[in-house]
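Subject: Structure handover

Hello,

Here is the structure I said I would pass on. My notes on it follow below.

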Amino acid sequence: MSQTDLAAAKADMVPESAVSTRNISKNYGDVEALRNLSLEFPRGQLTSLLGPSGCGKTTLLKIIAGLLQPSSGEVEVNGHTVTGPGPDRAFVFQDFALLPWASVIRNVAFGLEMRGVAKSEREAIAERYIREVGLAGFEHAYPHELSGGMRQRVGLARALSVDAQVLLMDEPFSAVDEQTRRKFQEDLLGLVQNEKKTFIFVTHSIEEAVYVSDQIAILLPRPSRVSEIIRPSGFRDKGADNIRRDPEYLDIVDQIWASLRSYVE
Amino acid sequence: MTVFGYRLPGMSSLIVWGLLWEIVGQMGLTFFIPPLSEVIATLFAVIGTAAFQKALAETAYAFSAGVFFAITIGIPVGILMGKNRLLDELLLPWVNVFLSAPLTALVPVLMVLFGFGMKSIVITTTLFGIWIIILNARAGVKQINRSLVEMAHSFGASPWNAFTKIYLWAALPEILGGVRIGIIRAVKGVIIGQLLISIVGFGALFELYSANFLMAHFWAVLIVLFALAFTIAEFLAYLERRVAYYAAKR
Amino acid sequence: MPNRSLFLKILSAVILFGAWEIAGRIPVSYAFPTFLEAMGALFRMAGDGTLWTAYAETLQPLVVGVAISAVLGIAIGLWVGLSNVFDWLFSPIFIVMQAAPLAALIPLLVLAYGIGLTSKVLVVCIMAMPVIVLNTSSAVRNTPESMKEMGRAFLASELAIILKIIIPAASPVIFAGLRLGVSAGFIGAILAELKITPTGVGDIITYSRSIADYPSMYAAIFSIILLAVLFLNVLEKTETVLFKGNQRGYVSD
């Protein structure tokens, strides 16, 4: 985006950026996963990274998380340069990454445990978030006793428990069945409203991106770049049930598909 | 491991260990460890001798016969067990028992029943290898994708065709895996057999050399044996990879 | 149906022991006692205490050897799994040991350490350690990448990742490796007894053979196979209980 666009966007009543990525490049040997990618993520809103396979969206997310180092460029979160994982960011994994030998409450409290929070305190916090994600009663169950959807709720509760300002979600709903996925999307809307955190959400589902996002960044592969940024506005406040029939929603979905269709292998 | 940016090949640390062996040997630290160079020289000297060739032939014969029986009996039994539930329930407990049992304990029985000769050694070798071959053949048959079976039926394949063109190939990776482990066990079986039953083959050489304190000879033959065993194991792994390129990661 | 399965297990035992009995009566060989004769000898030896004193002696090198192999084996395995340098240095040794017929080393051990407890313990150790080391190191290296990443994402220290993620994740395979190590240890213990000097159960076997007391010989062999199988089954059940819900399985033989 050019300087004027940035300024215009800022003036456009878009709140300041919680996360800024500037000129990020990432090379694996000869393969260029990302080239000179710059993107701003507005505070308190949910930004999706949407694109076909190989467009580098998960790579970008992990660079923001501090799990990968960029070959060049920098990431700033709340004004501080990112060098590694930090307490200001929490990650939700696509394959849940739960500890199979630990109970739900121990899994949810894991982030706090790593930060040295005392056991009674961290379990109290964990219990609160377990209730918030709808898993009350399952505190002492084990991951293998839970369905895929429930496991991801554990992963979500874990990420919420550490009270980070930025929540990074790597295709969090792709490993669950369709009905559960729809429920998650509806719940996510409520979560974004209530939590006042900045969400960065990677997905390859167009409908999902348009449904949950305040801002959609469309990434295209080879070379990886931001092709456009869409800000759905009209239907945000209409309630979870009405969004999927809203004309603006349907138009945006079609528009995105039209531009992405040629990139499908 | 990388050093100065170069990836070191897998087994290259053996060179370091070889050097260490040489140094320890040259220092004369212990009578039991002659320098590696002396061992290697003896190795080349020994390989040509009649005694060695005889030992190799005897061991190879027993090993091949044992493996032959383990495979020709083990695979069909395993396949039958995989396909027939009754047979499976009757035999599986015993296969599992003998798989984990210390088969060495059975060797004295073989000695009294079949004498002190090649026959007992061959049977020992077979026994060491056969159980895992049975188990894996059974597993290979059992894990054949149900859809493949239904597909075969729907296209009207005859039982023979279905077996040779579909089931055999679907079960092959697992079967080969079992054969590989079974053969490694058979190598151990043939040596244990030789050590316990009758002093022939490599067992005889080890006894002879240790009794006469010919340490360099002992290590030389040991190296040959270990190298042979390792080569067989690697070759089988390679075969398994070549044939089973289509097998999903187990 | 659980009843059918149990019935068939009993049936298969009856068939095997029945065949043994019949073969003994034919007789297949003068050196082949009937099943009942062997069982009779077994009960006799259990009754007059010879069996138990024998096991007290036989189990010594086995227990000591397995204990040493377990502690050392897991320690080395962890080290090899966590450090690239150690992996490069030590893996080839254990891989070769795994494929090689280590029994060939027994004459050497006898030469170096005599015919006492030491060499027997060493025999058990060389048989048991490779599989324990290889399973442990492989389990550590195969820790799911996303779990380690999750640890880093939540700010776990290196040590915390090792203690709280890698080792618990590796436990099922490490335990399976221990089970295989015990199995190999049994082979080592018996080999040691039959080859080095007979004591304990090995003594019963060799002595009864030498005086043509075949029922006793078969009884002793039966008892040790029974013991090994029972113990390993207990280990396997423990494994299932301890690690329910986790992936189980072993890496190498």
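How many residues of chain B are in contact with how many residues of chain C? In this predicted model, 42 residues of chain B touch 46 residues of chain C. Two pairs of chains touch, and the pair B and C has the most contacts.

On the side of chain B that touches chain C, the elements giving two or more residues are α1 (13-27), α4 (85-100), α5 (107-114), α8 (159-196), α9 (201-211) and α10 (215-243) of chain B. The most comes from α8(B), with 8 residues. By class, this side of chain B has 35 nonpolar, 4 polar and 3 charged residues.

Chains A and B are not in contact. Their closest C-alpha atoms are 13 Å apart.

The axes of helix α5 (residues 119-132) of chain A and helix α6 (residues 148-161) of chain A come within 9 Å, crossing at roughly 130 degrees. The crossing of α5(A) with α6(A) is right-handed.

From α5(A), the residues making this contact are A:I125, A:A126, A:Y129 and A:I130; from α6(A), they are A:A157, A:L160 and A:S161. The contact of α5(A) with α6(A) has 6 nonpolar residues, 1 polar residue and no charged ones.

Regards

How values were computed. Residues numbered from 1 in each chain as written. Chains lettered and ligands numbered in written order. Predicted model: local features only at pLDDT ≥ 70, side-chain atom pairs only at ≥ 80, totals over all residues. Axes fitted to C-alpha atoms, helices over the stretch in contact; angles between N-to-C directions. Helix = DSSP H or I, 4+ residues; strand = E, 2+ residues; numbered from the N terminus. Left-handed = near helix turned anticlockwise from the far one by under 90°. Contact = placed C-beta atoms within 7 Å. Nonpolar A, V, L, I, M, F, W, Y, C, P; charged D, E, K, R; others polar.
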